[in-house]
Amino acid sequence: LRESELALRQSGENMRLMIQSARDYAIYSLDTAGRISSWNVGAERLFGYPEAEIVRQEPDLLFTPEDREKGIPKQELVLATQAGVSQSEFWQTRRDGGRFWASRVVHPIRGVDGVLQGFLTIAQDITVQMEARAKLVREKEFSEAIIGSLPGIFLVVNEQAALVRWNQALERLTGLAEPELTGRSVPEL
């Protein structure tokens, strides 16, 4: 029994060290009253609050005023409690007032008896990825607008000469809609 207790303590200490040293992820826990009870260096780096200043605070200050007004912080905990996890992406607020787009996962922490003991939150700044995704969408919309406005027929085919992309002029000429054109070969048309 003594060996298993030591192994359990060592495992817990290893987990604590791993969480504390994770710099690219904000990892923090909440107690059952919904106050921050632990805060790793990644959380300090991401949000800008030192551990001594944020522990025992409600995490609402990490949310935008708009999301606080909508009750998002509490809704996230309710969802995590009911579903076993809450995953979301939305704006978060730094200590200096700056905002970043965050990917968040919230897990309820339960004892061996199943009683809720708090919550574990893992957050990551995905602003760069979201900006890249938005840029890609804008570029796709722009190219679609150009292709769609061409007066003549425009089409792109793959190695088997099957249609991959085309403009509305091809649809008007053939009288076929997108589902009927997708995958058709040029010789078929």
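These legends describe several close-up views of one predicted protein model.

The model is predicted, so local features need pLDDT of at least 70 and side-chain atom pairs count only at pLDDT 80 or more, while totals for chains, interfaces and linings use all residues. Residues are numbered from 1 along each chain as its sequence is written, and side-chain values use heavy atoms, with hydrogens and water left out.

**View 1**
The chain has eight helices and seven strands. Helices (H or I, at least four residues) and strands (E, at least two) are DSSP runs, numbered from the N terminus. Of its 189 residues, 30% count as buried. Buried means under 20% relative accessible area, exposed means over 50%, and partly exposed lies in between (1.4 Å probe, protein chains only). The chain exposes about 12100 Å². Carbon and sulfur atoms supply 55% of that area. Accessible areas come from the Shrake-Rupley method with a 1.4 Å probe; for residues, only the protein chains shown count as cover. A contact means heavy atoms within 4.5 Å. Among contacts with a separation of 6 or more, residues 24 or more positions apart account for 32%.

Helix H5 holds 12 residues, 72-83. At 1.5 Å a residue they should span 16 Å, and the end C-alpha atoms are 16 Å apart, which agrees. The expected span is 1.5 Å times one less than the number of residues. Which residues of H5 are buried? They are Ile72, Pro73, Glu76, Leu77 and Ala80. These residues cover an arc of only 140 degrees around the axis, which puts them on the same side of H5. The arc is that of the directions from the helix axis to the C-beta atoms. An α-helix has 3.6 residues a turn, so residues three or four places apart point the same way. The buried residues of H5 pack against strand E1 (26-30), helix H4 (65-70), strand E3 (86-93), strand E4 (99-110) and strand E5 (116-125). Gly84 follows H5, and its phi is positive, near 90 degrees.

Arg104 forms a salt bridge with Glu76, with the closest N and O atoms 2.6 Å apart. Arg104 lies in strand E4 and Glu76 in helix H5, so the pair ties together parts that are 28 residues apart in sequence. A salt bridge is a side-chain nitrogen of Lys or Arg within 4 Å of a carboxyl oxygen of Asp or Glu. Side chains of opposite charge can pair when their charged atoms come close. Arg104 is buried, with a relative accessible area of 2%. Glu76 is buried too, with 5%.

**View 1. Other salt bridges.**
The structure holds 11 salt bridges. Asp125 forms one with Arg94, the closest N and O atoms being 3.2 Å apart. Asp125 lies in strand E5 and Arg94 in the loop between E3 and E4, so this pair ties together parts 31 residues apart in sequence. Asp125 is partly exposed at 27% relative accessible area, and Arg94 is partly exposed at 23%. Arg165 forms a salt bridge with Glu144, the closest N and O atoms being 2.9 Å apart. This pair links distant parts of the chain: Arg165 sits in strand E7 (residues 163-166) and Glu144 in helix H6 (residues 127-149), 21 residues apart. Arg165 counts as partly exposed at 27%. Glu144 is partly exposed at 35%. Glu58, Asp60 and Lys74 are linked in a network of salt bridges.

Thr64 is found in the loop between helix H3 (51-54) and H4. Is Thr64 buried or exposed? Thr64 counts as buried, at 2% relative accessibility. Leaving aside neighbours within four places in sequence, Thr64 contacts Trp91, Thr93 and Arg99. Arg99 is found in strand E4 and counts as partly exposed at 40%. Not counting residues up to four places away in sequence, Arg99 touches Thr64, Pro65, Glu66, Trp91, Gln92 and Thr93. Arg99 and Thr127 are 28 residues apart in sequence and 9.2 Å apart in space, C-alpha to C-alpha.

**View 2. A nonpolar surface patch.**
Ile153, Leu155, Val157, Leu173 and Val186 make a nonpolar surface patch of about 410 Å². Patches are made of residues with over 30% relative accessible area and no salt bridge: like charges are joined within 9 Å, and nonpolar side chains (Val, Leu, Ile, Met, Phe, Trp, Tyr) within 5 Å. Val186 is found in the segment after helix H8 (178-181). At 37% relative accessibility, Val186 counts as partly exposed.
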